[in-house]
Amino acid sequence: MNITTQILRGMDQQQLAQLIEEQSISPDLELLKAARSIRDDVYGRKVYFRGLIEISNYCKNNCYYCGIRRDNRQVSRYRLTKEQILHCCQVGHSLGFHTFVLQGGEDPWFTAKRVADVVSAIKKEFPDCAVTLSLGEKEEDEYRAYREAGADRYLLRHETATPAHYRHLHPAEMSIDHRKQCLWALKRLGFQVGAGVMVGSPGQTAKELAQDLLFLKELEPHMVGIGPFIPHKDTPFRDEPAGSIPQTILMLALTRILLPHVLLPATTALGTLDPMGREKGMDAGANVVMPNLSPTDVRQLYTLYDGKLSTGEEAAEGLKALTQRILAAGYQPDFSRGDYKA
Ligand code: SAH
């Protein structure tokens, strides 16, 4: 099959679902090629590096898929101090990073004031760097405080745009409506915003994935995080199968085609499930990697899913190896801020 990108962009949910169904085992090579060339047109062969700092694994939520959910008593909980976070940034900056991503569970200890204080300290010490936050759902005022402190970007995967499927993945106290409201609020506040999904999450079919693509088109985020679902042994979804690599690759390519300008990571989950996952992601239009800058002694505590990579090429220590792999795959490692190109 050889469908033009123009046709793809006009597809409704049913058409997209059919295409996803047909191509999930083995995505069409022409489609991957189209995604690559769109990425090349907008961003060239650059692959942007972001330093990931996992600031807390405390979480008040109980998402059925996530290893750091509230009810998981097997995890020992940690949170980094402001000094520790700044130290991670110092290490990262000396390695050349110009974006720091602060991610964590929804930890009430990190009040708006505390987060704003950390953000402004980072921006003061590293004015040439972008700060990305990924701390979950907050009220608009809290997001505003982050923004006023200098935060540039916010990652909040919508997880699934379909209400019934959202309820299948989350307890009743969470809702897709609130999550979407958060994303719209973040856009209004002027953040570069990231949404996204896990591919192969329990209960997901091609229909849900098609709906996700349509929601992404409507939201027009600056970044989209897409990785395979991977079960975690201490969650209700422990016996569920992991998402598939080809379907994840297909979703990356479709996202690139529908949203040509988006910043699209080859995610850690993709690299965890497949040793060549990152390369496959880049060959489907991805252009971001996020090596781990968290202190080594807490990394194994931030286990969202079993086997999550946090050492070797996934880590700051393995940066040389990762840059070499990216070069070998025909891409250009890029350590600049790597802002969205409108
Ligand atoms: N608390 C923040 C950060 C969540 S962790 C928030 O709510 O945004 C970042 C992402 O990891 C989640 O959005 C989810 O899509 C992904 N994730 C969580 N558990 C996972 C699993 N078992 N397999 C794959 N990805 C997972």
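This is a predicted model: local features need pLDDT of at least 70, side-chain atom pairs count only at pLDDT 80 or more; totals for chains, interfaces and linings use all residues.
Trainee: Does E159 count as buried or exposed?

Mentor: Buried means under 20% relative accessible area. The relative accessibility of E159 is 8%, so E159 counts as buried.

Trainee: What is the phi of E159?

Mentor: Most residues other than glycine have a negative phi. E159 is not a glycine, yet its phi is positive. The value is about 75 degrees.

Trainee: Which other loop residue, E220, shows what phi?

Mentor: E220 sits in the loop between α9 (206-219) and β7 (223-228). E220 is also a residue other than glycine with a positive phi. Its phi is near 50 degrees.

Trainee: How far is a polar side-chain atom of E159 from an oxygen atom of the ligand?

Mentor: E159 is among the closest of the 17 residues that surround the ligand, a group that also includes Y65, G104, R157 and I230. For E159 the pair is a polar side-chain atom and a ligand oxygen atom. Their separation is 2.5 Å.

Trainee: How much of the ligand does the protein bury?

Mentor: The shell around the ligand holds 9 nonpolar, 5 polar and 3 charged residues. Taken alone, the ligand exposes 560 Å². Of that area, the protein buries 91%.

Trainee: Which residues touch the most other members of the largest nonpolar core?

Mentor: Nonpolar side chains in soluble globular proteins tend to be buried together. Here the largest nonpolar core has 97 residues, and helix α10 (residues 245-258) gives the most to it, with 9. The residues touching the most other members are F100, I122 and L133.

Trainee: How many residues make up the second, separate core?

Mentor: Its members include V101, L155, M223 and M290. The second core has 10 residues.

Trainee: Why does L52 count as buried?

Mentor: L52 belongs to strand β2 (residues 51-56). Beyond its neighbours within four places in sequence, L52 contacts residues including V101, M290 and L293. Buried means under 20% relative accessible area. L52 counts as buried because its relative accessibility is 8%.

Note on methods. Residues are numbered from 1 along each chain as its sequence is written. Side-chain values use heavy atoms; hydrogens and water are left out. A nonpolar core is a set of buried Ala, Val, Leu, Ile, Met, Phe, Trp, Tyr and Cys residues joined through side-chain atoms within 4.5 Å. Buried means under 20% relative accessible area, exposed over 50%, partly exposed in between (1.4 Å probe, protein chains only). Helices (H or I, at least four residues) and strands (E, at least two) are DSSP runs, numbered from the N terminus. A residue is near a molecule or strand if one of its heavy atoms lies within 4 Å of it. A polar contact is a pair of N or O atoms within 3.5 Å; within protein, one must be able to donate a hydrogen and the other to accept it, and residues adjacent in sequence count only if both atoms are side-chain atoms. Accessible areas come from the Shrake-Rupley method with a 1.4 Å probe; for residues, only the protein chains shown count as cover. Ala, Val, Leu, Ile, Met, Phe, Trp, Tyr, Cys and Pro count as nonpolar, Asp, Glu, Lys and Arg as charged, and the others, Gly among them, as polar. Contact means heavy atoms within 4.5 Å.
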